[in-house]
Amino acid sequence: MATVPLQNPSAAADELGHVKKAGHIGVIIISNVAGMNLNDPSLDVFWAKVSDLNLPVFIHPQNVCVGAIG
């Protein structure tokens with residue numbers, strides 16, 4: 001699994017081509033990128049390229065806010 005600079009969605013999308021060419025099986029990302037949720041519209045370019053290249057994405061939970069348990 002490779003990592004990409006998801007805080008810069010365009011650069012991350014460009015990097016995906018290199019990831020595939022290098023033979024990586026997919027990418028690993030965290031669940032919160034620079035304070036953005038993964039459904040932020042700025043990440044659309046990344047998700048579109050992932051889909052085009054048919055690359056799996058492993059999402060590692062990090063910086064997840066959990067409500068109070070009561």
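Which strand holds Phe58? Phe58 is found in strand S2, which covers residues 57-60. The model behind this answer is predicted.

Start with the overall layout. The chain contains two helices and two strands. Along the sequence they follow the pattern α-β-α-β. The chain has 70 residues, and 29% of them count as buried. Contacts reach across the sequence. Among those with a separation of 6 or more, 67% join residues 24 or more positions apart.

Now go inside. In soluble globular proteins, nonpolar side chains tend to be buried together. The largest nonpolar core here has 15 residues. Val4, Leu6, Leu16, Val19, Val27, Leu38 and Phe46 touch the most other members. Helix H1 (9-21), S1 and H2 each supply at least two residues of this core. H1 gives the most, with three residues.

Leu38 deserves a stop. Leaving aside residues up to four places away in sequence, Leu38 touches Leu6, Ile29, Ile30, Ser31, Val33, Leu43, Trp47 and Ile59. One of these partners, Leu6, is also among the core residues that touch the most other members.

How many aromatic pairs does a search of the whole structure find? The search finds one. Phe46 and Trp47 form the pair, with 5.0 Å from centre to centre. Their planes are 70 degrees apart, and the pair is edge-to-face. The two residues have their own burial classes. Phe46 counts as buried because its relative accessibility is 0%, and buried means under 20%. Trp47 has 27% relative accessibility, so Trp47 counts as partly exposed.

Next, the loop between strand S1 (27-30) and helix H2 (44-53). Gly35 is found there. Is Gly35 buried or exposed? Gly35 is exposed, because its relative accessible area is 62% and the exposed class begins over 50%. Gln7 is 28 residues away along the chain, yet the C-alpha atoms of Gly35 and Gln7 are separated by 9.4 Å.

The chain exposes about 4,600 Å². Carbon and sulfur atoms supply 55% of that area. Met1, Ile25 and Phe58 make a nonpolar surface patch of about 320 Å². This returns us to Phe58 in strand S2. Phe58 counts as partly exposed because its relative accessibility is 42%; that class lies between 20% and 50%.

Terms used: Residues are numbered from 1 along each chain as its sequence is written. This is a predicted model: local features need pLDDT of at least 70, side-chain atom pairs count only at pLDDT 80 or more; totals for chains, interfaces and linings use all residues. Side-chain values use heavy atoms; hydrogens and water are left out. Rings of Phe, Tyr and Trp (its six-membered ring) pair if their centres lie within 6.5 Å; planes under 30 degrees apart count as stacked, over 60 as edge-to-face and the rest as tilted. Buried means under 20% relative accessible area, exposed over 50%, partly exposed in between (1.4 Å probe, protein chains only). Patches are made of residues with over 30% relative accessible area and no salt bridge: like charges are joined within 9 Å, nonpolar side chains (Val, Leu, Ile, Met, Phe, Trp, Tyr) within 5 Å. Accessible areas come from the Shrake-Rupley method with a 1.4 Å probe; for residues, only the protein chains shown count as cover. A salt bridge is a side-chain nitrogen of Lys or Arg within 4 Å of a carboxyl oxygen of Asp or Glu. Helices (H or I, at least four residues) and strands (E, at least two) are DSSP runs, numbered from the N terminus. Contact means heavy atoms within 4.5 Å. A nonpolar core is a set of buried Ala, Val, Leu, Ile, Met, Phe, Trp, Tyr and Cys residues joined through side-chain atoms within 4.5 Å.
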